[in-house]
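Visitor: I am new to this structure. Please take me in for a close look at a single part.

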Amino acid sequence: MSGLPVSNVRPAAINPVAKLAAALLIAITLALSVDAVSAGVALALELSLLPFAGLSWSAFWRRTAPVWIAAPLAAITIALYGRASGHAYVTWYFVQITEGSLHLALVTVLRVLAIALPAVALFATVDATDLADGLAQVLRLPSRFVLGGLAAFRLAGLMREDWRTLELARRARGVADRARIRRFAGLAFALFVLSIRRGSALATAMEARGFGGTTTRTWARPSAFGAREVFLLALSGVIAATAVTAAVVTGQWAFIGG
Amino acid sequence: MTVQQGERVLLLGPSGSGKSTLLAALAGVLGDDEGDAVGTLTVGGHDPRAVRGSVGLVLQDPDSQVIMSRVGDDVAFGCENLGVPREELWIRVREALELVGLAVPLDHPTDALSGGQKQRLALAGALAMRPGLMLLDEPTANIDPDGVLEVRDAVAAVLARSGSTAVIVEHRVEAWLDVVDRIVVLGADGGIAADGEPRTVLAQQGEALAAAGVWVPGREPRISRRPALTEHPVLLTAESLTLARVPGRPLAATVTTPLELDIDGGEAVALTGPNGSGKTTLALTLGGLIAPAAGQVRATVDLASTAGPLPIRWRSRELLTRIGSVFQSPEHQFLAASVRDELAIGPRALRLGAAEVASRVDELLARLGLAALADANPFTLSGGQQRRLSVGAVLATRPRVLVLDEPTFGQDAVTWAALVDMLDEVRSMGTAVVAATHDPWFVAAVGARELALAKTPG
């Protein structure tokens, strides 16, 4: 592989398609049941593996911050308004904190964490270009679709800068004292128009480089699916299987809708 | 018109004569819905759309041509589409980057490149496809003077090595004279007005070309500058300023930090320096739009009158009559669906009477040469017209300080002169004109005091 740039043989870079599949496997398995054991076991196993995810502590907390905020909020909501059963601790208008709703809250927190943490940890190190390569070469998704998506993703970065500039421009034009909601709608529309213009300019540049032609495309960066990827999938399979087994053995497995 | 293999043609002509359209058609990227075509156009005997990829196209805007997020991947993109095998592809990528002189690692982020570097990247991307024909549509119109030479030299090197045919559209002729061996001039009617050896064409057609907006060496546009005012009160002061583009992240790049500056009514100040030295950020900060990381921008009582001393605290409407900001890209500041409404936005926000609004708008329409386009959508105007409209829309509220970001970018010689003359006129009436600019002709024409920002290495 002498002709390849160093960046494409980074040892830590597992194929993003494998990461996607691993995260999905755990998520789907855990979504099948609403019990504390399966989610708890999965979460415990995941936490023991987190140090190997290649994330620094500060990066870990920064990336997972939304999860730590969302999970307790979901739990509180469910504790207050969740389906009531068993002993009622507090009853006040629509609020009913019961044994059942508290249990449901706990289960929810565990489940959100067990699904979101590995997903965030796995995707924190995913590069959009690598993912596109994987989707097109490993999963054989149409290249037009994948590369179009990749280009759009890059534009999304520019949109943030556009939004800021649009806001400043409105202040400069004397129309930023107006009602906030109307202003927001105006900004959103302006950003929409600008994005379309950027998008069509980019499409022209892509076409000029032969994109969308009839020739079969080659790929500059090989997207390999080898031992590392299989290992990651196996690992997530083990986590999912252990979680389900533990729940079934302890008699806690509660099939959703069952 | 026939272009022989190996010829390097500079294509000139007034705005609207169809130069860009011709290039797009040659590159095979002109859609059927973009107008009617009469006659035939072939590249190597084929319809360009059938042999897309055998023609390399480099466009004007550096930002809209970057496709991938890493330099190597971006250059490889065209080759991938042509089905070039992987081993050969990376050899081509390295060669192309070397030839355009872009010495950055293959995984260098494309977002971190300067305008000139991005244009050379686009050139490398086209070059790696080994096209028989290279088309360059104002490749240097939107980049700084150093970038212009960078790109020109890269193009010269590429053409010398590859022996490729080239058609270049560019308003600023001087830089390209030694690169091309033929000049073709399109007339306003779409026909060919002149065709021949570069220096001969310039000697014979120089005057007509200059009148059509081409920057002919020795016939650069000039304005007659109005005298300086005898009285020029201080309007705005910057004290121990450290800039921050995004709140909380100070720009360390300026050696002039902390920055001290007084801006007087009736004077012109040019903020100069290379890309990335903080000119735009300084312009936005002086405009009362973003807060500095340290220090402050203060308005004197003369400027502030009933508003407070700090422009950043002013209400949006209070800025209108005091400090007007013209953004680098007009598209960011357009708000209305027609040219007339665009000009009326400021005066209406000031709650001026309908008659006063109409009279200001009509006067500006006439002065900007946009009266015939009063009902057009601002987004459909040409680049030069958009720029004039964006300046006019800010002048409509008669601010006493005018802050402009690259006011002369992408202007041809005729629109350049009209714009610079207008700015000199408001200056002569007591407005302070502050401009972040790369354009030495502009600085000289308005007799601006220059504040040179520098970028510290690393």
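Visitor: Which strands does helix α4 of chain B lie across?

Guide: Helix α4 (residues 115-127) lies across β2 and β3 (133-137) of chain B. The helix runs at about 170 degrees to β2(B). Such angles go from 0 to 180 degrees between N-to-C directions, with axes fitted to C-alpha atoms, for helices over the stretch in contact. Helices (H or I, at least four residues) and strands (E, at least two) are DSSP runs, numbered from the N terminus.

A word on the model. It is predicted: local features need pLDDT of at least 70, side-chain atom pairs 80 or more, while totals for chains, interfaces and linings use all residues. Residues count from 1 along each chain as its sequence is written, and chains are lettered from A and ligands numbered from 1 in the order written.

Now the sheet under the helix question. Chain B has six strands in an open, mixed sheet, ordered β2-β3-β4-β1-β5-β6. Its edge strands are β2 (55-58) and β6 (192-196), each pairing on one side only. Pairing takes at least two DSSP bridges. From one strand to the next, the twist averages 15 degrees.

Look at β1 (residues 8-12) and β4 (residues 165-169) of chain B. They run parallel, joined by four bridges. Leu10(B) stands opposite Ile168(B) in β4(B).

Finally, visit helix α2 (residues 71-82) of chain B, which holds Ala76(B). Ala76(B) counts as buried because it has 27 C-beta neighbours inside 10 Å. Buried means 20 or more other C-beta atoms within 10 Å, exposed 12 or fewer, partly exposed in between, with C-beta atoms placed from the backbone. Leaving out residues up to four places away in sequence, Ala76(B) touches Ala220(A), Leu89(B) and Val93(B). Contact means C-beta atoms, placed from the backbone, within 7 Å.

Terms used: Two residues are in contact if their C-beta atoms, placed from the backbone, lie within 7 Å.
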